[in-house]
Amino acid sequence: MSSSRFFRSKRRLAIAGCAIALVTTAAACSSGGGSSSTGASGAGASSDTGTVTVAVVSNPLITGQMIPLTQSVFEKENPGITVKFATYTEGDLRAAIEKDVSTHSNSFNAVMIGPYEEPLFAKNGWLVDLTKTYTNSDPSYDASDLLPAVAKALSYNGDLYSAPFYGESSMLYYNKSLLSAAGVTMPLHPTWAQVQAAAAKVNQPGKVAGICLRGLAGWGDNMAALDTVINTYGGEWYNKSWQAELDSPADTAAINFYVNLIKADGESGASNDSFNQLLTLYGQGKCAMWYDATVAATSIATTYPSVFAQTGYAFAPVDKTKSSGWLWSWSLGIPQGVSDQGAAWKWISWATSKQYDTLVGQKYGWSAVPPGTRTSLYSNPNYQKAAAAFANITLESINGTDPDHPTLNPVPYVGVQYVDIPQFETLGLSVGQQIAGAIAGTESVSQAISAAQSDASAYTPAELSGSN
């Protein structure tokens, strides 16, 4: 598969340049590796000093913990290594990284990716095999401690190609005081019908939204949440013959439900909202319920303690299936060909280690520790005490996912909230734009579904089956 075949979204290529704001003084365009072709076995791999330029997503666990701890702890303990961060929104991060690794620009010595990108990049030979190159000879990293579901999602042919910084599924957050005032009791395993009924009762237009949901266009934004609804309604992106199914009765019902729930009882301006915006709204008490990533519990606990004290947790709502939570991990990998690979691994192994968890726990509190990656965290009494409200439901939700069988009926693809094919980078965005338009009211739901079906049908079964 050619690089241009993999990265087809022309509109988003532009954001991969120097216009993106950086957290540190380094620009992403000042290459951490230049055009070096040093491989995993070369000098760049063996050296444990140098400059590591890393592209990361901008969220509280990164900007509030990883970056300051790297600067105050890691660099002081490793004076031969300088780490420079380029921070991006979720969609922009994916575009910047895919452009960089597919063209071998080597602007980044380390990249933050997830279960969608990792197997595709590894298949193309764009990532260093961490198992063979590092973890097999680095027992201190203890790869056996990684949660099996997360490790499997980040592996290709049995080897780890990126190390998880945090892992997540999805769940429902709700403000117990707001629901109680409206006479609503939320079960531990709710249905979407129960959530809809609760949202209608607690919704206070202009003051408190009954429920907050992602509306911003993007396969990792509004489509991440919507895909879990489609799955549990019995829908799918493609059937076993790679024929598009977005206008099927099940998909149509799920999409109508999601859009109409937001328009009736959701937050205003939802088509502009992703994780960070919804975290703020929920933390400010402007959402009675919020369906999103399990990792949000960490940020609620540390940033909005008064709302955290009133927060209840429920598993991802269902309709026809027994579970519907997604599976994701923001993880760190090393592109093939970059210099200073040894330094990159030294930083990655530190940032994803048990020792890092302890450092965060001691400095920011144990409820602030990045969740969902290591088995040992969930047997740690300090963490269990601080995160008792959400730790077990997070772990059960992650363990309850099955990316190999994400839908009610058999499908030819893997991935719960995405379709793990190269075309999905473009397809997921275009469909997400149609859904955002329906949420904003610039088009009807039926128009959005028709356009989405057309986009999904633009690829032939042969193209799709040959790329996954």
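Student: Which element gives the largest share of the lining of the second largest pocket?
Tutor: A pocket here is an open set of points on a 1 Å grid over the protein atoms alone, where a 1.4 Å probe fits, with protein on both sides within 12 Å along at least five of seven lines; lining residues have an atom within 4 Å of a point. Helices (H or I, at least four residues) and strands (E, at least two) are DSSP runs, numbered from the N terminus. α6 (117–123), α8 (148–153) and β4 (155–156) each supply at least two lining residues of the second largest pocket. The largest share, four residues, comes from α8.

Student: Before we go on, what should I know about the model and its numbering?
Tutor: This is a predicted model: local features need pLDDT of at least 70, side-chain atom pairs count only at pLDDT 80 or more, and totals for chains, interfaces and linings use all residues. Side-chain values use heavy atoms, with hydrogens and water left out, and residues are numbered from 1 along each chain as its sequence is written.

Student: How much space lies in the second largest pocket?
Tutor: Its lining has 24 residues, with P119, K152, D404, V414 and D420 closest to the centre. A volume is the space filled by probe spheres set on the grid points, which are joined across faces, edges and corners. For the second largest pocket that is about 500 Å³.

Student: Which element gives the most to the lining of the largest pocket?
Tutor: The largest pocket holds about 580 Å³ of space. Its lining has 33 residues, and T89, E90, G91, D221 and S274 lie nearest the centre. Two or more lining residues come from each of α2 (10–13), α5 (90–102), β6 (163–168), α13 (275–283) and β10 (328–333). The most, four residues, come from α5.

Student: How many charged residues are in the lining of the largest pocket?
Tutor: Ala, Val, Leu, Ile, Met, Phe, Trp, Tyr, Cys and Pro count as nonpolar, Asp, Glu, Lys and Arg as charged, and the others, Gly among them, as polar. On that scheme the lining has 15 nonpolar and 10 polar residues. The charged ones number eight.

Student: Which residue does the disulfide join to C212?
Tutor: The structure holds one disulfide, meaning a pair of cysteine sulfur atoms within 2.5 Å. Here the S to S distance is 1.8 Å. The angle about the S-S bond is -65 degrees, a left-handed link. The partner of C212 is C287.

Student: How many residues apart in sequence are the parts that this pair ties together?
Tutor: C212 lies in the loop between α10 (192–202) and α11 (222–232). C287 lies in the loop between α13 and β8 (289–293). The pair therefore ties together parts 75 residues apart.

Student: Why is β10 described as largely enclosed by the rest of the structure?
Tutor: Buried means under 20% relative accessible area, with a 1.4 Å probe and protein chains only. β10 is largely enclosed because six of its six residues are buried.

Student: Which residue of β10 is the bridge partner of M112?
Tutor: Two strands pair if DSSP finds at least two bridges between them. A163 stands opposite L332. The partner of M112 is also L332.

Key. Buried < 20%, exposed > 50% of the residue type's maximum accessible area, 1.4 Å probe, protein only.
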